[in-house]
Amino acid sequence: MEQATSLCGQLLLAMPGIGDPRFERAVIALCAHGEDGALGIGIGRLAPRVGFHDLLGGFDIEVGLAPNCPVHVGGPVEPQRGFVLHSADWSGDDTIDVDGRWALTGTIDVLRAIAEGQGPARWLVALGYAGWSPGQLEGELTRHGWFTTEASDRLLFDTPVDARWRAAFRTAGINSAMLAPQAGTA
């Protein structure tokens, strides 16, 4: 049996008409994908009324050098749990390497490091994650709903949040305005 290709380090983009309002125009950075399932962090929508300083205050961490950047909606699973998607120049005890391209950390040590000016050079913060059980994402990819494409540091860290979905499709050579909300038949 042929082993499936890992999508770790790629972007998962919601197609128009995905059918789940939680994922409308979603941009998800896939951080783990294998026989145990998949885990991704949403980077296409911001959490309302929550800034990075709010998170630091919740852990009694002095703001220090940390900017008060917005916090992303990482996904519907464990929405109270925080994650930092960051450049691979910093690593903590539970940091996950994401295909050698960036890293994911879900412990308080990365928050402290960022506040102290000792953290990763590039980062974004999200609450929650998107998760799939073994084989679930592969099944969803066979139906209308998701599109995968290459990720880049530019898309993750430099592109404005409200432009990431269109920009990611454009990077794949697709005009998102031409996408239909349902799959066709031939």
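Predicted model: local features only at pLDDT ≥ 70, side-chain atom pairs only at ≥ 80, totals over all residues.

Biologist: Which helix holds glutamate 140?

Modeller: Helices here are DSSP runs of H or I with at least four residues, strands are E runs of at least two, and both are numbered from the N terminus. Glutamate 140 falls within residues 136-141, and that run is helix H3.

Biologist: What is the nearest side chain of opposite charge to glutamate 140, and how far away is it?

Modeller: Glutamate 140 is buried (under 20% relative accessible area; exposed is over 50%, partly exposed in between, with a 1.4 Å probe and protein chains only). A salt bridge needs a side-chain nitrogen of Lys or Arg within 4 Å of a carboxyl oxygen of Asp or Glu, and glutamate 140 has none. For the charge count, Lys and Arg are positive and Asp and Glu negative, with His and the chain ends not counted. The nearest opposite charge is arginine 143, at 5.0 Å.

Biologist: Leaving aside neighbours within four places in sequence, what is glutamate 140 in contact with?

Modeller: Contact means heavy atoms within 4.5 Å. With those sequence neighbours set aside, the partners of glutamate 140 are Trp132 and Trp146.

Biologist: How many salt bridges does a search of the whole structure find?

Modeller: Arginine 22 pairs with aspartate 20 at 2.7 Å, N to O. Another bridge joins glutamate 150 to arginine 101 at 3.8 Å, and aspartate 158 bridges to arginine 122. The whole-structure search gives three.

Biologist: How many residues apart are glutamate 150 and arginine 101?

Modeller: That 3.8 Å bridge between glutamate 150 and arginine 101 links distant parts of the chain. Glutamate 150 sits in strand E10, while arginine 101 is in the loop between strand E7 (96-98) and strand E8 (102-105), and the separation is 49 residues.

Biologist: How far apart are the closest N and O atoms of aspartate 158 and arginine 122?

Modeller: Aspartate 158 counts as partly exposed because its relative accessibility is 47%, and arginine 122 does too, at 29%. Their closest N and O atoms are apart by 2.1 Å.

Biologist: Where is glycine 128, and is it buried or exposed?

Modeller: Glycine 128 is in strand E9. Its contacts beyond four places in sequence include Gly74, Gly75 and Phe83. Since its relative accessible area is 0%, glycine 128 is buried.

Biologist: Which residues of helix H5 are buried?

Modeller: H5 covers residues 164-171. Its buried residues pack against several elements, among them strand E1 (10-14), strand E2 (27-34) and helix H4 (153-158). Those buried residues are Arg164, Trp165, Ala167, Ala168 and Phe169.

Biologist: Where is arginine 25 found, and what is its relative accessibility?

Modeller: Arginine 25 belongs to a positive surface patch with Arg154, Arg166 and Arg170. Arginine 25 is in the loop between E1 and E2. It counts as partly exposed because its relative accessibility is 39%.

Note on methods
Residues numbered from 1 in each chain as written. Heavy atoms only, no water. Patch = residues over 30% accessible without salt bridge, like charges linked within 9 Å, V, L, I, M, F, W, Y side chains within 5 Å. Areas by Shrake-Rupley, 256 points an atom, 1.4 Å probe, with all protein chains shown as cover. Charge placed at Lys NZ, Arg CZ, Asp CG, Glu CD.
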